[in-house]
2 protein chains.
Amino acid sequence: MRAEIISIGTELLLGQVVNSNAAFISRELAALGIEVYHHVTVGDNPDRLTAAVKEAEERADLIVLSGGLGPTEDDITKQTMSNHLDMDLILHEETEDRIITYHKNSDFEMPENNQLQALILAESTPLKNDTGLAVGMMLDHGDHQYVLLPGPPDELQPMVENHLKDELIKRLLDKQVLVSRVLRFFGITEAQLAKKIEAVVKGQTNPTVAVYANEGEITVRITARAETEKEGNRCIDEVESQILEPLTDYFFGYGEKKLDEVVRDLLMEQGLTITAAESLTGGAFLSSITSDISAGSVFEGGIVTYSTEKKHDVLNVSQKTIDNFGVVSPECAIEMAENSRKMFEADIGVGLTGVAGPGSLEGQIPGTVYIGLSYKGNASFAKHFHFGYKRNKNRRLAVLNTHDMVRRLILDKPIEKRLNYDEDQ
Amino acid sequence: MRAEIISIGTELLLGQVVNSNAAFISRELAALGIEVYHHVTVGDNPDRLTAAVKEAEERADLIVLSGGLGPTEDDITKQTMSNHLDMDLILHEETEDRIITYHKNSDFEMPENNQLQALILAESTPLKNDTGLAVGMMLDHGDHQYVLLPGPPDELQPMVENHLKDELIKRLLDKQVLVSRVLRFFGITEAQLAKKIEAVVKGQTNPTVAVYANEGEITVRITARAETEKEGNRCIDEVESQILEPLTDYFFGYGEKKLDEVVRDLLMEQGLTITAAESLTGGAFLSSITSDISAGSVFEGGIVTYSTEKKHDVLNVSQKTIDNFGVVSPECAIEMAENSRKMFEADIGVGLTGVAGPGSLEGQIPGTVYIGLSYKGNASFAKHFHFGYKRNKNRRLAVLNTHDMVRRLILDKPIEKRLNYDEDQ
């Protein structure tokens with residue numbers, strides 16, 4: 001099956017909104033084995049939309065339209081498709097009820113046009129909108145399938161995941177099921193990872209393997225078609241073990257949980273608390289720890305010591321360390337980690353120091369970072385990194401690598417090239 | 001002039017990359033008065049690219065292609081256009097020299113194909129790549145103009161701003177000049193702002209006025225065509241004063257400088273230092289202060305006190321305040337501000353406390369935030385906010401509103417509804 005995605009909205013053509021929907025829909029279709037050869041964007045204009053649909057009909061089986069399902073006069077998608085297909089719009093009563101109930105409960109008066117959002121193409125299957133009012137739809141007509149989705153990503157995404165996917169799978173698979181699993185990796189580049197699993201991925205059609213990278217974290221999605229879910233999972237198990245074999249050291253978890261979430265959950269499971277003293281990252285690690293409500297059970301507080309003076313005065317980094325090694329040193333990172341742990345009475349203390357850039361510091365080049373770790377009952381140590389990017393990317397990579405080190409520490413996994421406090425200097 | 005944007009790259013069709021280039025180019029073209037009616041995306045496929053260019057030639061004057069200028073065999077844009085237009089590719093020596101010099105200085109060996117990035121269409125004007133190696137180009141041919149840009153946004157954007165714009169202006173304006181100015185606002189919603197300047201914007205063709213919103217900050221770009229730059233600025237001055245009249249309280253600066261950068265510059269100009277004690281935001285405010293290298297002159301450090309215990313033990317918030325008012329209170333925010341200022345010997349101290357959500361705290365609903373300010377020689381105070389969003393958006397809005405309060409404090413602008421420490425309770 002071949003698909004084409006048509007995005008509708010003048011705000012897209014003016015550049016006021018970046019079109020993230022086309023990428024999202026493409027990823028979902030790719031996971032189902034559906035190929036996408038064109039994305040097209042048109043404004044809120046019935047003639048240009050009709051022309052785009054006609055072109056798409058020439059080159060695709062499945063035509064996915066997003067946007068223009070709202071209640072205003074700019075929302076032209078349904079009326080345009082009704083004219084193009086010569087098919088009536090009829091009222092979807094369930095959606096009408098939802099719209100009326102929503103306005104009853106919200107104290108807002110219902111705008112007159114709001115019920116337009118409950119109209120669907122007569123022969124279509126409605127797709128429920130779990131997070132908004134405009135109903136979506138899927139339609140088989142002639143040689144084509146048409147899908148109409150709302151424009152706001154927070155309405156479109158649940159509609160695709162919770163409703164459209166099932167409709168597509170029904171049509172695609174004919175009683176087969178589709179099972180997928182996401183593996184997450186850190187500490188390796190996308191190119192390195194792709195090379196290591198080249199032989200597994202090449203020519204793989206069932207299951208399919210797709211690799212996505214997002215600044216430091218890499219996800220691999222394995223998707224299998226099978227007669228039963230059990231059979232699908234068996235296929236995936238096999239491919240997964242081939243993928244993990246050369247990558248086991250970089251693997252940190254399944255599904256949608258990112259590295260910082262995995263670390264927070266590990267801390268919770270083991271009843272551990274964490275703190276940090278940050279210099280170059282200025283609070284970004286602490287902020288990432290507190291991004292979820294569960295932070296309260298693993299975190300009480302931390303400190304940012306940006307100047308050398310405050311590292312000494314407030315955090316008690318010794319003058320000897322500062323004089324002998326400088327603040328961009330493994331020794332300083334270790335003392336920051338240990339002293340933050342004392343100050344906030346935590347099980348794990350982190351010290352982050354380095355040169356975010358663009359300038360140098362203490363003769364060290366931008367991107368130089370030392371991450372120190374202090375863990376009750378263990379010898380403290382630091383690790384050296386060099387990130388060759390711009391200031392804020394260097395800072396983000398320092399935060400991610402801290403999470404990775406903490407994860408390895410908790411799970412007793414190898415952390416190579418540990419640096420200790422060098423008493424001899 | 002009417003334009004069409006063609007984005008090239010299989011990674012876009014797989015959804016691995018979101019197409020931000022089309023939006024960026026559209027905004028730049030809109031500012032020049034060039035209308036965009038279609039965005040099209042195709043993969044790294046010569047036939048489909050040729051077909052897309054032919055379609056675009058039917059409906060647009062200016063055809064902007066992005067992507068596919070790199071050195072690998074997937075990069076097919078130049079060769080495809082060379083075939084389509086029956087025009088040779090020739091070597092652009094300046095770019096070739098840059099590529100050779102770059103590899104000499106970088107210790108990397110130059111890959112054999114790298115010089116492909118120096119080839120241009122024979123009759124085109126090269127567009128310099130300030131941040132990468134692949135040269136861009138602009139070409140007038142028959143009834144059309146063609147522009148070829150690199151795919152990476154950090155190469156494409158400077159090329160458009162620094163080089164393409166001048167080429168387009170030359171063709172568009174025939175000795176006229178184009179002047180534009182960006183105004184930045186905070187503390188008002190996009191809809192409210194649009195309503196207040198509705199009369200100014202409506203029917204405005206020269207200068208044009210465009211409004212963009214980005215989570216809290218709103219920019220208004222005024223663009224004028226004129227015979228001279230002076231005349232253009234005079235037109236803009238007039239429209240600017242009409243726009244500022246109802247919006248003066250929300251205006252915080254010109255150009256690309258965001259609110260946190262404006263605050264950092266103000267602190268520097270006035271020789272002031274800042275610190276903060278953060279609870280719900282967990283370090284995000286401190287991190288935003290340190291996002292730029294200049295942070296060192298206005299900031300020495302700060303503290304995150306997430307638990308009630310650490311607010312008391314480490315930051316010395318009094319037990320009386322905690323018992324009488326709770327930690328989600330103006331009194332606690334004020335003490336956090338004052339104590340952080342003492343701890344880090346700063347001129348301005350900020351206290352951030354509240355309920356990020358999704359759960360409640362001390363009977364206060366999610367989104368409740370108190371921001372305290374302590375400024376040497378002035379009475380400390382706090383301000384109450386309620387943000388009705390999800391946890392991390394509530395946190396981001398708390399950080400932005402802190403910057404806004406600090407800006408008002410430094411400039412002695414009104415801060416309404418100040419709350420003081422209520423000794424009576």
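Tutor: Let's start with a definition: a residue is buried under 20% relative accessible area, exposed over 50% and partly exposed in between (1.4 Å probe, protein chains only). This is a predicted model, where local features need pLDDT of at least 70 and side-chain atom pairs count only at pLDDT 80 or more, while totals for chains, interfaces and linings use all residues. Residues are numbered from 1 along each chain as its sequence is written, chains are lettered from A and ligands numbered from 1 in the order written, and side-chain values use heavy atoms, without hydrogens and water.

Student: Why is A:D412 called exposed?

Tutor: Its relative accessibility is 70%, over the cut-off, so A:D412 counts as exposed. You'll find A:D412 in the segment after α15 of chain A.

Student: Is A:S66 buried or exposed, and how do you know?

Tutor: A:S66 has a relative accessible area of 4%, under the cut-off, so it is buried. A:S66 belongs to strand β3 (residues 62-66) of chain A; strands are DSSP runs of E, at least two residues, and helices are runs of H or I, at least four, numbered from the N terminus. Beyond its neighbours within four places in sequence, A:S66 is in contact (heavy atoms within 4.5 Å) with residues including A:I6, A:N21 and A:L149. Across chain A, buried residues make up 54% of the 425.

Student: How is the packing of α3(A) and α4(A) described, and why?

Tutor: Helix α3 (residues 46-59) and helix α4 (residues 77-85) of chain A pack at about 55 degrees, with axes 10 Å apart. That makes α3(A) oblique to α4(A), because under 35 degrees is roughly parallel, over 145 roughly antiparallel, 65 to 115 roughly perpendicular, and the rest oblique. The axes are lines fitted to C-alpha atoms over the stretch in contact, and angles run from 0 to 180 degrees between N-to-C directions. Among the residues that meet are A:V53 in α3(A) and A:M81 in α4(A).

Student: What is the handedness of the α10(A) and α15(A) crossing?

Tutor: It's left-handed: the near helix is turned anticlockwise from the far one by less than a right angle, whereas clockwise would be right-handed. The axes of α10 (residues 259-269) and α15 (residues 391-411) of chain A come within 9 Å and cross at roughly 35 degrees.

Student: What kind of peptide bond joins A:G357 and A:P358?

Tutor: A cis one, with omega about 0 degrees. Most peptide bonds are trans. In chain B, B:G357 and B:P358 are joined by a cis bond with omega about 5 degrees.
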